[in-house]
Amino acid sequence: MALESVDIQNKLQETFGDHVKYFRTEYDMFVLEADVDVVYNVIKFLKEEPSLNFSFLTDLCGVHYPDSNLNEQFCVVYHLHNWYENKRIRVKTFLNGTNPEVKSIVSLFNCANWMERETFDFYGINFDGHPNLVRILNMDEMTSFPMRKEFPMEDSGRTDKDDRFFGRTINNATI
Amino acid sequence: MEKNKVNMVAAPEGHVGEGFFATKLDQVVGLARANSLWPLPFATSCCGIEFMATMASHYDLARFGSERVSFSPRQADMLLVMGTISKKMAPILRQVYEQMSEPRWVIAVGACASSGGIFDTYSVLQGIDKVIPVDVYVPGCPPRPEQIVDGVMQLQELVKSESQRRRHSAEYKELLASYNIE
């Protein structure tokens, strides 16, 4: 029998109650939101419960919502895949804007190691319990987190590019 | 006799006589260097593909004395930087340059190596001249092999006319010091 979204929802609600919510299907994929303090256990449950068996972590990434409430400014999204039933699921969790922190899932999925490092690199999300949480793609000297919305698109202090040659002045011809 | 189609490099200015030819040492050394520039390709993206065409039989950079592509910076004269250089790679490029022995020349091939190109962003070095001195810039995105050959020929002109004292001059040391290179 195929693994139905309703069954997943019932099992999760039985175990975690109100900490898991907003179950829906978006873009043909079952989605749910979990509170930040239970998300590790939700993923552990999805992986280890024999009837669910989501044993593959497809993706892990961050999102920044600077205009949301302070406690929902960062989001970490987990994509899980059940290979036996070919069923995919997306788990979202929202984090605090000033101190984004969530428990690392490296102990569940080794592949999360680099994904969490990347998410830290670009969003500054702290993964508690990660074995080596340092920058992975950007240069080590970098102090900012470039995928945050407040990060400027262009360096304002640069001197090497003349605005006249890039069509950024109002009237290029007269200057 | 059939006319020879081979183009030889012209001899420098000098005095020709019966069984001798006299000219300046600078010019002889310059001639030798200019026609045996060993390239070190530092290819990171599509400009590198154009360079492969430049080295291959159709365009054949070997005609200009660059037959031997050196993949060790220690035996190379001419560093060709082709492609986007990210800020994370800048120290590596710099190290490659430092490992080259004098005299050494650098060609920035393509828009990215010259100025960062379209990648006006936090992760990309805005031109390799931020970290190492550059002798010739080749424009284009990517430049055609003809343009790369033209860039090499421009460099040959520089090499031919370079004074033997240039690398010991105060200006040159000042240039390297401005890049914090020993």
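Helices here are DSSP runs of H or I with at least four residues, strands are DSSP runs of E with at least two, and both are numbered from the N terminus. The model is a predicted one.

**The two chains**

Chain A contains three helices and seven strands. Starting at the N terminus, its elements follow the order α-β-β-α-β-β-β-β-α-β. Chain B has six helices and six strands, and its pattern along the sequence is β-β-α-β-α-β-α-β-α-β-α-α. The C-alpha trace of chain B spans about 65 × 45 × 25 Å along its principal axes.

| Property | Chain | Value |
|---|---|---|
| Buried residues | A | 42% of 175 residues |
| Buried residues | B | 40% of 182 residues |
| Share of contacts (separation of 6 or more) made by residues 24 or more positions apart | A | 51% |
| Share of contacts (separation of 6 or more) made by residues 24 or more positions apart | B | 73% |
| Accessible surface | A | about 10200 Å², 49% from carbon and sulfur atoms |
| Accessible surface | B | about 10300 Å², 56% from carbon and sulfur atoms |

As to charge, chain B carries 18 positive and 20 negative side chains. The centres of these two sets lie 4 Å apart.

**The sheet of chain B**

Four strands of chain B form an open sheet in the order β3-β4-β5-β6, and their pairing is parallel. Strands β3 (39-43) and β6 (136-138) of chain B are at the edges; each has a single partner strand, so one side of each lacks a neighbour in the sheet. From one strand to the next, the twist averages 20°.

How many bridges join β3(B) to β4 of chain B? There are five, and β4 of chain B covers residues 78-82 and runs parallel to β3(B). B:A43 is placed opposite B:M82, a residue of β4(B).

**Helices across the sheet**

Which strands of chain B does helix α3 lie across? Helix α3 of chain B, residues 90-99, lies across β3, β4 and β5 (105-109) of that chain. Its direction is at about 165° to β4(B).

Helix α5 of chain B, residues 145-161, lies across β4, β5 and β6 of chain B. This helix runs at about 170° to β6(B).

Methods
Residues numbered from 1 in each chain as written. Chains lettered and ligands numbered in written order. Predicted model: local features only at pLDDT ≥ 70, side-chain atom pairs only at ≥ 80, totals over all residues. Heavy atoms only, no water. Pairing = 2+ DSSP bridges. Axes fitted to C-alpha atoms, helices over the stretch in contact; angles between N-to-C directions. Contact = heavy atoms within 4.5 Å. Buried < 20%, exposed > 50% of the residue type's maximum accessible area, 1.4 Å probe, protein only. Areas by Shrake-Rupley, 256 points an atom, 1.4 Å probe, with all protein chains shown as cover. Lys, Arg positive; Asp, Glu negative; His and termini not counted. Charge placed at Lys NZ, Arg CZ, Asp CG, Glu CD.
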